[in-house]
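Hi everyone, thanks for coming along. Let me put the structure up on the screen, and then we can walk through it together.

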Amino acid sequence: MWRRHREPEPGTQTSTGRGAGPGNEKRLALRIPGAHRDTTAVLGGAYPFLTGKPGAEGMFIGHDTVTGQRFCFDPWQLYAQQSVSNTNVLVVGNIGWGKTNTAMAIALRGITCGYRVIVPGDPKNDWTRLAQALGGQAVRLGPGMPDRLNPLHLGTPPPGADVAAWRHRAEQRRSALMVAIVETVAPAITPLHPKARETLDAAIEGAARGNTTATLHHVVSALTAAGGDHADTMRAALAQLCTGPLAGILDQPATATPDPAAPMIAVGTAAVADNDLAHTLAVLTATSQLDSATGTGRRFVIYDEAWRILAAPTHLARVNAELRLSRARGTATILITHALSDTDRAADAGSSAAATARGLVALCDTCIIFRQAPGETDRTATELALTSPERAALPALGKGESLWRTGTATRRIHTDLGPTEAALFNTDSGQPA
Ligand SMILES: Nc1ncnc2c1ncn2[C@@H]1O[C@H](COP(=O)(O)OP(=O)(O)O)[C@@H](O)[C@H]1O
Ligand SMILES: [Mg+2]
């Protein structure tokens, strides 16, 4: 079906989708001589990762750099057609090849399809800028920032919610969040003893009763009053958030409450990104409060720089649960990471946390694979079970170009951005966060 050539013939179409020309000779390992037409089934056999049923439904993403066809994507439609077994998306590739821009194209175009976008942690504040530009909600956390989330705050019920049922769930969510905060600050008492949980719940209830602006300071006072071993250790843990370097992030009355009606909510964590503990706590609180506010309805939940989030065991467990529940909850989680080896940061290799982190990959039936970081191509190919043509394509991918594997079909796609989008998505503008 094809011949191998050393010298390209001008103007012929190649497996890379680029015309032959100076500098392209090295990529011309496979090509179809002259004009060639065949059915997609035949071409699918010949170029297993290049063809197949074009992704024609959903939001426009760009073009297939091999066939030139338009490429569209919608994880919920693919799931309804049984082309994928879940709605989650993994985006992996070296820094600077277009991961964030492609995810932003999905987000922006998703909003025009009526989907919402939630970004619970944004260590570079790229997404907060976009949320603001789109008329969504941008919350920037950190010491000295005007926006503050208060872990004790129950938030606002989503439109049309049964308020009593919502309140009950919001209180349970708050209780789980406080447990996670204590466990994160004091790993030595993790997992919290059931008696300690009871004590903590009583302190939260005591602090929040009749006080809608209760803060961690009130919980610390309630634990001091309660006394006892459990109360003392938890008080010491929470007191760290009220004084010292962690003060001012989560211990003040809320000035920001997630807006259930916003098309996009992004929580910028750049100001705490250099402090792992502060970053973990900020994202924990944001995720929990966003959960409560966003109710149902289809939404993308985006974790950019996901390794920052996966490195914390509490987040890892949470994201793992989120990926498993995505179909039921109407979410499509997009995990964006530099390299699959980032999952090693989640824990010592071989531990159960490391296994969970690697397992996240299997929970994403759509993989968007950009050019890989040096030394990562083989690992990516093995972990994602890429075919040899797919693996061979990785080092030749250009900026904004990636392999899209949706279920069993793989295509080579360039994300096409309009000028307004390109300006809006600018991730290296150096603008203040
Ligand atoms: N689809 C695209 N078309 C054109 N330029 C792109 C595209 N995707 C990314 N870029 C450019 O590449 C640079 C890096 O993109 P970015 O999305 O921030 O990469 P990553 O998130 O992988 O580090 C940006 O300056 C952006 O303008
Ligand atoms: Mg990025």
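Let's start with a pair of helices: α7, residues 216-226, and α8, residues 229-239, pack with their axes 9 Å apart and at an angle of about 155°. Since an angle over 145 degrees counts as roughly antiparallel, that is what we call α7 relative to α8. The crossing of α7 past α8 is left-handed.

Which residues of α7 and α8 meet? From α7 we have L216, V219, V220, L223, T224 and A226, and facing them from α8 are A231, M234, R235, L238 and A239. Sorted by class, this contact has nine nonpolar residues, one polar and one charged.

Please keep in mind that this is a predicted model. The average pLDDT of the protein is 84, and 84% of the residues score at least 70. Residues 1-34 are below 50, and the model gives that stretch 39 contacts beyond near neighbours in sequence. Residues 41-52 also stay under 50, with 24 contacts beyond four places in sequence. Among the elements, helix α1, residues 40-46, has the lowest mean pLDDT, 47, while strand β9, residues 366-369, has the highest, 98.

Now over to the ligand. Around ligand 1 there are 14 residues, and the ones that come nearest are G98, K99, T100, G400 and T427. Which helix gives the most to this shell? That would be α3, residues 99-112, with three residues. By class, the shell has eight polar, three nonpolar and three charged residues.

That's my tour, and I'm happy to take questions!

Terms used. Residues are numbered from 1 along each chain as its sequence is written. Chains are lettered from A and ligands numbered from 1 in the order in which they are written. This is a predicted model: local features need pLDDT of at least 70, side-chain atom pairs count only at pLDDT 80 or more; totals for chains, interfaces and linings use all residues. pLDDT is the predictor's confidence in each residue, from 0 to 100. Helices (H or I, at least four residues) and strands (E, at least two) are DSSP runs, numbered from the N terminus. Two residues are in contact if their C-beta atoms, placed from the backbone, lie within 7 Å. A residue is near a molecule or strand if its C-beta atom, placed from the backbone, lies within 6 Å of it. Ala, Val, Leu, Ile, Met, Phe, Trp, Tyr, Cys and Pro count as nonpolar, Asp, Glu, Lys and Arg as charged, and the others, Gly among them, as polar. Axes are lines fitted to C-alpha atoms, for helices over the stretch in contact, and angles run from 0 to 180 degrees between N-to-C directions. Angles under 35 degrees count as roughly parallel, over 145 as roughly antiparallel, 65 to 115 as roughly perpendicular and the rest as oblique. A crossing is left-handed if the near helix is turned anticlockwise from the far one by less than a right angle, and right-handed if clockwise.
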